[in-house]
Amino acid sequence: MPKTTPYPARTRADWERTADQLLCAVRPYASPRHGRIDLPGPRPSWSGPASDGLEGYARTWLLAALRVAGARGDDPHGHLDRYAQGLAAGTCAPAGGPDAWPDMAGTRQAVVESASIALGLRLTRPWLWDSLDDTTRQRVAGWLLPALGPSPVNNNWWLFGLTVAGFLQDAGIETDRARHTIDRALARIEDWYSGDGWYSDGPNRSFDHYNAWAMHLYPVLHAHLAGDRDLLDRYGPRLHRHLADYTRMFGADGAPMPFGRSLTYRFAAAAAPWLGALTGHTPLAPGATRRLASATLGHFLDRGATDANGLLTLGWHGPYEPLLQSYSGPASPYWASKGFLGLLMPADHPVWTAPEEPLPVEREDAVTLLGPTGMLLQSTAADGLVRLHNHGSNHVGDDEDPGYARFAYSTRTGPTHGAVRDNHFALLLDGGPTTRRTAEPRTAGPGAAVSAHTPHPGVRVVSATLAHGRAEVRAHLVTGAPEGTPVRQTGWATNDPALTAQLHPVHGYGGAAHRLPGGSTMFGETSGLLAVDGVTTGERSLFVALASLTGEPDPDPVTALADVRVQGPDEIRVTWHDGTTAVLRVPAES
């Protein structure tokens, strides 16, 4: 069995200590009666400072609740008392005051934060809610109840109402209405279940980390806390199937795949693996679950995720503003609190006592198609690196989002934010390189993924990736472009001298690969990236390149990894370095 990557072991006590450190670090930023936590940051979210202060309370409260509930009420740092004071102050303070919580009617972000508040109350009910006076309980319930209405956003937001309803149902408040809210939310996400453990985050083919830290997390955790065996029997196996894919998306160093949106939530990516262990719906052994979660926590904390004051910053390793969304505020990173879900399991649970085991990426090289998503994972055990080739997941909206639009991502590189896009194929028109706003998946053979997009009116591009070991065959069939239209394929952008990025033209491109400036990524300034150029030569033009990203020292040239032969206008035959063969077909579309 391959050795695990050396990594500092983290015990349950270490997790508790880290939770306490994060919670104590935010205390100086609490409002006078602890109703809000107004953290410093480069800018407010689009919801404004009052909402951001509520977010600071709600998201850190969830961390405090997991910490105390996991200790069965033991609270040596007095977290519950502070948050109980804030609960009372936030719901009774005069509007506009320093402690006041905005209402959901005027601030829809409050719907999001209501879920963290309600979940925290549900987890700590014997020690906090049951000790509150009737007046405070009535005010808090009155503030929460609007979350039971229809979601103002048609995506994972429906599950915030479900989470609030679960607490209110347990507390005996508006139980019929709460039951209706739960049923309605579950019916809505059922429309988005695509099979094989994957949900779209809304009606838009958006497959990303929200599958794990929202679409699976809230229904399965609700079923577990409610003791609802029927619900758990329905949603638990879906979580199990999802984790079979999702846990392959982590590098050997614990890095989750930097793909999609809300990446500043960082180690929230560990929440679903913990939940699988908590409910028994996981393909991972207990020691592998702890290894994944602890490596993920350490990946960020050991690389500057907190500042000199111990606050989580807006970024990935450290601050990185291009990564953010307009809804991101100074307290947004504390959705990472979900990553502490493992504290709900006691110290004698196997997840804390079993020996650590290797992660999927460390066991063997693998190429895995992620069910109905159109995404292809490619991992190599020698360097612990995972690559994701996106041929089916899309950003919500009309703009091109670097978190979704690239053809490839990896656990050790990030998309560029600048004039030159990494891992991109474009027509070079007068207005600059064309964009890729949507990836429409197409049927593909083993080890491959295929998609189509329209980069320019009247032009269709069908793109395909075939992977084996560290090698990638990248093919693009362009239909409808005027003859002589310039095209460009770019490769991986890295800033890590331990990584080697390779790109080699095979068919349709003229000349060798050349280097372009890469710009910045969440990992820092890059040393540039490779590109190959060509021109269209008729109604249909096929372009093929070999690419590789590896952490192996002194790797062989990418040309040694495969013999690639174009057999016709849409067929490519590949003989890999180990003698195995594959056929890649790229059907034309008009």
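**Conventions.** I number residues from 1 along each chain as its sequence is written, and I keep to heavy atoms for side-chain values, with hydrogens and water left out. As the model is predicted, I ask for pLDDT of at least 70 for local features and 80 or more for side-chain atom pairs, while totals for chains, interfaces and linings use all residues.

**Largest pocket.** I looked up open space on a 1 Å grid over the protein atoms alone, where a pocket is an open set of points that fit a 1.4 Å probe, with protein on both sides within 12 Å along at least five of seven lines, and lining residues have an atom within 4 Å of a point. The largest pocket has a volume of about 680 Å³, a volume being the space filled by probe spheres set on the points. I find 38 residues in its lining, and those closest to the centre are Arg261, Ser262, Gln325, Tyr327 and His395. Helices H2 (49–70), H4 (109–123) and H14 (402–405) each supply at least two lining residues, helices being DSSP runs of H or I with at least four residues, numbered from the N terminus. H14 gives the most, with three residues. I sorted this lining into 18 nonpolar, 12 polar and eight charged residues, with Asp, Glu, Lys and Arg taken as charged and Gly among the polar ones.

**Second largest pocket.** I note about 270 Å³ of space here, lined by 17 residues, of which Asp365, Gly469, Arg470, Leu561 and His577 lie nearest the centre. This lining divides into seven nonpolar, four polar and six charged residues.

**Aromatic pairs.** I looked up 27 pairs in the structure, counting rings of Phe, Tyr and Trp (its six-membered ring) whose centres lie within 6.5 Å, with planes under 30 degrees apart called stacked, over 60 edge-to-face and the rest tilted. Trp46 and Tyr327 form a tilted pair, 6.3 Å centre to centre with 55° between the planes. Trp46 lies in the loop between H1 (12–26) and H2, and Tyr327 in the loop between H11 (286–301) and H12 (350–353), so the pair ties together parts that are 281 residues apart in sequence.

**Charges over rings.** I required NZ of Lys or CZ of Arg within 6 Å of the ring centre and within 35 degrees of the ring normal. Arg261 lies over the face of Tyr210 at 4.0 Å from the ring centre, and Arg436 over that of Phe407 at 3.7 Å.
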